[in-house]
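This report examines selected features of the structure shown below. The reader may wish to keep the coordinates at hand while following the text.

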Amino acid sequence: MKHVDEFRDPAKARALAAEIRQLARQIGRGPDNPLLVMEVCGGHTHAIFRYGIQQLLPDTIEFVHGPGCPVCVLPMGRVDDCVALAERPEVIFTTFGDAMRVPGSRKSLLKAKAEGADVRMVYSPLDALQLARDNPGREVIFFGLGFETTMPSTAMTVLEAKRQGIDNFSLFCNHITIIPTIKAILDSPGMQLDGFLGPGHVSMVIGTAPYQFIAQHYRKPLVVAGFEPLDVLQSLWMVLRQIVDGRCEIENQYGRIVPEHGNEVALRSVQEVFELREFFEWRGLGSIDHSGVRVREAYAQYDAERKFPVPNLKIADPKSCQCGEVLKGAIKPRDCKVFGTACTPQTPLGSLMVSSEGACAAYYQYARIDTSRLREDRQDKVSA
Amino acid sequence: MNDFSANDGKRRPRINDTHVNLSHGSGGKAMRDLIADVFVGAFDNPSLSALEDQAVFDLKQLGTHGERLAFTTDTYVVDPLFFPGGDIGHLAVNGTVNDLAMSGARPLYLSCGVVLEEGLPIETLRRVVESMRQAALAAGVQIVTGDTKVVERGSADKLFINTAGIGVVPAGINISASRAQPGDAVIINGTLGDHGAAILIARGQLALQAEVPSDCQPLHELVAAMLRACPDIHCLRDATRGGLATVLNEFAQSSQVGIRLQEQTLPLREDVKGACEILGLDPLYLANEGKLVAVVPGEAVEAVLAAMRALPAGRDAACVGRVVAAPRGAVILETGFGGERVVDMLVGEQLPRIC
């Protein structure tokens, strides 16, 4: 575990936190108008809460939890489509585990399973392909979900299905792309973000070049960040350093994983199998142009949306649900009217409460109690 | 009905079938032969040999062990049946022994009810029963009554076991989840999450190469040693499903206190830690089958730890946290990284059918 522990060294964390406080003082914001840094990726949100990173920071810096949790931005209508597909008697519907509990307008996949639908949890799309081989009389549908991180493995599974001539496998494609989404956030009215921690694993696939417009056009610094707590702190330090220096650049803190030009083989397979949709509906954010992909015509026989009728209805989120405002960073999870009351991890109303990478679930699980007041007697330890 | 006593006490027929079929649950000769061949020989003891429909105990005899009876039941449905470090038979005995032990009781007698799926290899059943025999012998308990049912193929998965247990609590012991108070210390007897990780890896769906052994073991002797070192143990529970996090939340809520954990003091096997990293699981919530969580008065910590470390089941015992007044009903983890976070009850299920 050495390779992991060295990225969690508390002494290094304290030193970095001290430097971050120093930079924050130079920038000179107060607690009433703190620096707002968005961590785009749900993996970062999880790390920030799991390791208690926010508590190492001064109150003049605030993380805004971005849209990079694919389960969280899945609109209700798409979950209904999943349920409709899963309830077909000939279908074995396969999905990653964390999508099972996302509420649809009528039910979640977990509930559909309990009622008799054949829904199975898999760890990889290749497991779904194996299921198709093992069950030639059934139709196996894989619920393709996620940003560019998981897109290549889905694409390669489709290519593999074609190569092996497996015709009872198809993909319900809900893959989404990160760049149009960041652009939509930057274009949204009242946007006050000062900088970004860029998604590490997406960038492993797409590289760092696609982010250049953020620095050049929008004049915001972005640092592609790793997922260990020291990665997050160091990336934040790099963002602040840019602000102090008056620079706006795309920097790569996660160089041990992210190559500048991404992964060519992965990108080629994505290009081969997928094409951009005109628009894709996001929970809370609405419709964003070119933010989703679908299966190309050449692979139509592996596209569940072409193979089966899909209701494809637009379902509004519950009125009380403020997932959208949380996703845009306009409010904190704790400020949502139903947080922790009508909406909890046991009975989620909004999807941000479902996935462990969702901002609300992270708040509920790790920070439901504001421990900052309890820490007063331990201030010496934190600020040492 | 005490089916296990349904032989003639002398001749023990040996069945020729290789697989369980519906006649083994019919109440007729095939069932008698299965019970006599597979169970009675293994669990042989005077109460079972009495050939009655129930086990009967002498109250005076029980009273020599203490003043109060402890009674518990648990059902075991683990998949796979056999895993590194144990099997469903070990679990069925040790799990119930441990549930008794957590009251401070000396475990004495168990029952054993089994649900068999048609088609189960008799050899598999024999292996499980042999494990139960060994586990009962090691734990010093007798399996004194039982029941066998067979269900059609598909109506159950291979083999389910229920065990109930009776133990006697010695005088002067008062263990309860509601007795934690500020100043107390939290102690565990070893590494966290071994059983959960063992089952996950043994299912073979993850292509992980590691082989983590389950920690399945009886804890009553460890508890007895702890009580000798400190008769005033406040809270005691075995950290099975839901792991350490769940038990501590139960203590915090029942006692209306806060509990602060120090992440760096939590004992973890390197391979369990690695599996958790890869799979995104939190070892605080992973199941254990041979781990207890004790809350003891602060001044008793060293004595209890010394007593624990003298036994194999407590070799890696450690003090991992302390009880504080606030926030009431919550568990806070001080992370190794220098931050802190709330440790909540487990929501949903990390893994199905782990015990």
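The sections below treat domains, core, sheet, strand pairings and local backbone features in turn.

## Model and domain division

The structure is a predicted model. Chain B is divided into domain 1, residues 3-169, and domain 2, residues 185-343. Taken over C-alpha atoms, the centres of these two domains of chain B are separated by 29 Å. Their contact draws 20 residues from domain 1 of chain B and 22 residues from domain 2 of chain B.

On the side of domain 1 of chain B that touches domain 2 of chain B, at least two residues each are supplied by α4 (88-101), β4 (106-117) and α5 (122-139) of chain B. The largest share of that side comes from α4(B), with eight residues.

Within chain B, UniProt lists residues 52-169 as "domain: PurM-like N-terminal", in an unreviewed entry. This span of chain B is 31% helix and 39% strand, and its end C-alpha atoms lie 27 Å apart.

## Nonpolar core

The largest nonpolar core has 225 residues. Those with the most contacts inside this core are Val37(A), Ala86(A) and Phe93(A), together with Leu248(B) and Ala294(B). Domain 1 (3-169) and domain 2 (185-343) of chain B both give residues to the core, so it lies between them.

Leaving aside residues up to four places away in sequence, Ala294(B) touches Ile187(B), Met226(B), Ile233(B), Cys235(B) and Leu236(B).

## Four-stranded sheet of chain B

In chain B, four strands form an open sheet of mixed pairing, in the order β1-β6-β4-β5. Its edge strands are β1 (68-76) and β5 (142-151) of chain B, each of which pairs on one side only. From one strand to the next, the twist averages 15 degrees.

The pairing of β1(B) with β6 of chain B, residues 159-169, is antiparallel and extends over nine bridges. Within this pairing, Asp74(B) has Thr163(B) of β6(B) as its bridge partner.

## Strand β12 of chain B and its partners

Which residues of β12(B) are buried on its two faces? Strand β9 of chain B, residues 258-262, runs parallel to β12(B) and is joined to it by four bridges. In this pairing, Gln262(B) stands opposite Glu334(B).

β12(B) also pairs with β13 of chain B, residues 340-343, in the antiparallel sense and over four bridges. Here Leu333(B) stands opposite Arg341(B). The hairpin of β12(B) and β13(B) has five residues between the strands, and Gly338(B) in this hairpin takes a positive phi near 105 degrees.

## Cis peptide bonds

Two cis peptide bonds of chain B are described here. One joins Asp79(B) and Pro80(B), with omega about 5 degrees. Pro80(B) lies in the loop between β1 and β2 (82-83) of chain B.

The other runs from Ala326(B) to Pro327(B), with omega near -5 degrees. Pro327(B) is placed in the loop between β11 (318-324) and β12 (331-334) of chain B.

His290(A) is a residue other than glycine with a positive phi, near 55 degrees. Its place is the loop between β12 (286-289) and β13 (293-295) of chain A. His290(A) is partly exposed, with 15 other C-beta atoms within 10 Å.

Lys158(B), also not a glycine, has a positive phi of about 65 degrees. Lys158(B) lies in the loop between β5 and β6 of chain B.

## Surroundings of Pro125 in chain A

Pro125(A) lies in helix α6 of chain A, residues 125-134. Pro125(A) is buried, with 24 other C-beta atoms within 10 Å. Not counting residues up to four places away in sequence, Pro125(A) touches Phe142(A), Ser153(A), Thr154(A) and Thr157(A).

Pro125(A) and Ser105(A) are 20 residues apart in sequence, and their C-alpha atoms are 26 Å apart in space.

Notes
Residues numbered from 1 in each chain as written. Chains lettered and ligands numbered in written order. Predicted model: local features only at pLDDT ≥ 70, side-chain atom pairs only at ≥ 80, totals over all residues. Pairing = 2+ DSSP bridges. Axes fitted to C-alpha atoms, helices over the stretch in contact; angles between N-to-C directions. UniProt positions renumbered as here; feature names shortened; annotations may be inferred. Core = buried A, V, L, I, M, F, W, Y, C linked by C-beta atoms within 7 Å. Buried ≥ 20, exposed ≤ 12 C-beta atoms within 10 Å, placed from the backbone. Domains from an automatic or database assignment. Contact = placed C-beta atoms within 7 Å.
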